[in-house]
Amino acid sequence: MTLRARITRYLRMVAKQLWLGWRAWRSYRASFLLGIIGDLAWLLFTIVFFSSIYSHAGDIGGWPWADVLMLIGTAHIVNGLYTALFESNIRRLSAGVKNGSLDRWLTYPADVQLLLTFGRINLRGFLTALLGAGITLYALSPVVSQPRLEAVAIYALLLVGAVIVRLAAAFLIETLAFFLVNVEILRALQNEFYGYATYPAAVYPNWVWKLAFTVLIPVLWMANIPAAALRDPEIAVWWLFFPPLLLALSRKAFAFALRHYQSAGG
Amino acid sequence: MRLLAIVRSTIALSWREATAYRFNFVMSFLVIAVPFLLQVFLWVAVFSGRGQVAGYSLSGIIVYYVLALFLYDFVHPAVLYDVSNDIKSGELAAHLLRPLPYPLWALAVRLGSQAVYLAVVTVVVGAGAALLSWAGYLSVNDFSMAGLLRFAVMFLAAWLLGLLFSLAASFAVFFTEDATGLSKLVSFIFPLLSGSLIPLDMLPGWIKNVCHYLPFRWLVYEPIRVYSGQQPLAQALLATAGWLGLAVALVWWLWRAGEARFTAVGG
């Protein structure tokens, strides 16, 4: 198959998934609208929370309001893209291990991790990302700050990297289902951590904490690392090595777990 | 007396069920401790170079969050999924044959399972406060015994009020069939309007005004003010009792109206 034909095929698949996402929205309108209201409320409350602090204290660890606004916007973009593309898909792994339906996936003539990663598209996630983009653009507007073009390019690359980091970290958690069966508490813990993505890196007391919350629990990846590109692109660009590394680690862990897999299906 | 024995047995059974899943039990420590640590880091950064922010000292705000953390999971109104499932699946029919009124049974089950969590939270929050004292963010003098006793009284009242709101939200299933929306809505607004996200006196004026007319502040913000002596205990108890009366009336009305509508097909 030629490259052009392959690209066309993939674009058709994406278009089909978007169509299915649209149909799902039409079927579950109330739930979808409620989700949007929740996202809006969460965004509003995050802004109210930080603006209340800024109205009483001029800065947080030397970070001005515009930079925190940038973190809020960035965290929403990353969270939105992850929710739209991957969240509901990769949960099929732990569910599959638990109820035995993973066996079916293993019979397909394709990369199982890839199959479990892509599939359903959640349109609500795109709206969240759009809201985040709006806030980011506002924070980036000339009135607030004016970054260089290459800084914006590195920021965009690190945004993609952040989504990959979140995906790989989530896949590692889901892979633990092979050994623990129930990973809901770990998933809840991980999501709880990401709720703190909007906290500026300056709040972490020293480099050990910063490193731990970048590499072990990648909370700083969800907003601070991409946003750092706009402040200091020359240093931030070095972080681009991490997402592929974590993705490779998640693949290794998945392959290892599969070797020890015993079906629970009937 | 017999009723009391049934309630006691229900609580004991719920305790055993909650401690059966040990991994989840241990992980629940981390779910509480690590996010709280991040909140402490944030406020340390906010207070960097400042003695006071909005009338709070650093140790004052950390004590506030220690107590808010302690309260949150007990007073947070939410749909009780076992109750909503009983209603949706028709299993409520079996409960109606039992000698204990269903609302009382549901409250006893929740109290039992939360009693386990209360033990976990007390240990984690106590250990956390000790660690914070060791790290120099708090001192033992920041906790007064009289304040803690006043807080314990308010905690019990707020716990009961939160449970009654949860029961009322769960009985909404009689009328809507799916209370997920209501549950989500409350979980979105509660942290801000109760004062668990940030003390209410630090919020902009218009939100403070809204909070004044809602019951949520009596679940987190006011119990902490009672602890610090900014709110007299008697006055706070009176106000909470008023909301408790309203909550009981609401639960009872929803239960009676829901019971009248309830139908189940057995098999």
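**View 1. Contacts of Leu167(B) in a predicted model.** Leaving aside neighbours within four places in sequence, Leu167(B) is in contact with Leu80(B), Val83(B), Pro103(B), Ala106(B), Leu107(B) and Val251(B). Two residues are in contact if their C-beta atoms, placed from the backbone, lie within 7 Å. This is a predicted model: local features need pLDDT of at least 70, side-chain atom pairs count only at pLDDT 80 or more, and totals for chains, interfaces and linings use all residues. Residues are numbered from 1 along each chain as its sequence is written, while chains are lettered from A and ligands numbered from 1 in the order in which they are written.

**View 2. The largest nonpolar core.** This core holds 133 residues. Val78(A), Ile62(B), Leu67(B), Leu71(B) and Leu167(B) touch the most other members. Helix 3 (residues 65–99) of chain A gives the largest share, 16 residues. A nonpolar core is a set of buried Ala, Val, Leu, Ile, Met, Phe, Trp, Tyr and Cys residues joined through C-beta atoms within 7 Å. A residue is buried if 20 or more other C-beta atoms lie within 10 Å of its own, exposed if 12 or fewer, and partly exposed in between; these C-beta atoms are placed from the backbone. In soluble globular proteins, nonpolar side chains tend to be buried together.

View 3. Ile87(B) sits in helix 4 (residues 81–89) of chain B. Helices (H or I, at least four residues) and strands (E, at least two) are DSSP runs, numbered from the N terminus. Ile87(B) is buried, because 23 other C-beta atoms lie within 10 Å. Not counting residues up to four places away in sequence, Ile87(B) touches Leu92(B), Val173(B) and Phe174(B). The C-alpha atoms of Ile87(B) and Ala172(B) are separated by 10.0 Å. Along the chain, Ile87(B) and Ala172(B) are 85 residues apart.

**View 4. The loop at Ala54(B).** Ala54(B) belongs to the loop between helix 2 (22–47) and helix 3 (58–75) of chain B. Its phi is positive, about 50 degrees, although Ala54(B) is not a glycine. Most residues other than glycine have a negative phi. Ala54(B) is partly exposed, with 15 other C-beta atoms within 10 Å.

View 5. Helix 13 (residues 242–259) of chain A has 18 residues. From first C-alpha to last it reaches 26 Å, close to the 26 Å expected at 1.5 Å a residue; the expected span is 1.5 Å times one less than the number of residues. The buried residues of helix 13 of chain A are Phe242(A), Pro243(A), Leu246(A) and Ser250(A). Seen down the axis of helix 13 of chain A, they fall within an arc of 95 degrees, so they line one face. The arc is that of the directions from the helix axis to the C-beta atoms. Helix 7 (149–175) of chain A is included in what covers these buried residues. On the other side of helix 13 of chain A, Leu245(A), Ala248(A), Lys252(A), Ala255(A), Phe256(A) and Arg259(A) are exposed.

**View 6. Where chain A meets chain B.** The contact takes 27 residues from chain A and 26 residues from chain B. On the side of chain A, helix 2 (29–56) and helix 9 (184–194) are the elements that give two or more residues. Helix 2 of chain A provides the largest share of that side, eleven residues.
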